[in-house]
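Please look over the sequence and the fold shown here before reading the notes on charged pairs that follow.

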Amino acid sequence: MLTQKELLKIYSGFNDDEIVVLATYESKKLTEIAVPILIDELTKRNLGKDLLDWVNMERNFFKGTELEVLKSKIKNSICSDCKTLKNDVRGFFIHHCSLTHNPSEAKLILCESCGKKLRRKNYIISATFGWLSLRSFIKVPLYFLGEIFYSFARKTQSRKIIEEFIFENTGLIRKLGIDRINEVITTNNRYQLSLKRDNRDYIFEFF
């Protein structure tokens, strides 16, 4: 782990654009000693109160009762696929490989029905077009073996996906409020399914 002195030297050597990128996309992952140094750089360079507020929102992690309330809100949200209000929304890990698409992995938040429907669709894709790729004789069997293995831990997998979603979108949820959680879920799902996704970009759809 870098010392405070080392971090001071590194951050002071960054240009303004690098500091803005760090504050916007990486602040939630910084160590406790790094955050005050970043905030000091933002202040010294007069890069704006909005960035300072954003760093504070990103670092204001959901914990304890507040985290459980948010998880319950997600579980009882409107499914972004079928647009129906349900109480069985959860996390789904979807993976498929085919001739027309690069192998992709997506962590989606959907209702039970839509999630299972999408998983079955990708089973069919992998069982048909998946065999046409050069490495299919290794990838396709491993994929289905993995699905069998994870089928025994769907609840744990769902919990981890939702917790990761909350962590990755802490700032947005703080900014918009939990009453707009459906918007964040919908946008997150869309980017998860995009073949050329950059989750950094969708932050600014809400600004």
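Which residues are linked in a network of salt bridges? They are Asp16, Asp40, Glu41, Lys44 and Arg45, where a salt bridge is a side-chain nitrogen of Lys or Arg within 4 Å of a carboxyl oxygen of Asp or Glu. This is a predicted model, in which local features need pLDDT of at least 70 and side-chain atom pairs count only at pLDDT 80 or more, while totals for chains, interfaces and linings use all residues. Residues are numbered from 1 along each chain as its sequence is written, and side-chain values use heavy atoms, with hydrogens and water left out.

**Pairs in the network**
- Arg45 and Asp16 meet through their side chains in a salt bridge of 3.0 Å, N to O, and this pair links distant parts of the chain, with Arg45 in the loop between H3 and H4 and Asp16 in helix H2, 29 residues apart (helices, H or I, of at least four residues and strands, E, of at least two are DSSP runs, numbered from the N terminus).
- Arg45 is buried at a relative accessible area of 19%, whereas Asp16 is partly exposed at 36% (buried means under 20% relative accessible area, exposed over 50%, partly exposed in between, with a 1.4 Å probe and protein chains only).
- Lys44 forms a salt bridge with Glu41, the closest N and O atoms being 3.3 Å apart; Lys44 is exposed at 56%, but Glu41 is buried at 4%.

**A further pair**
- Glu112 forms a salt bridge with Arg90, their closest N and O atoms being 2.6 Å apart, and the pair joins helix H6 (residues 112-128) to strand E1 (residues 90-96).
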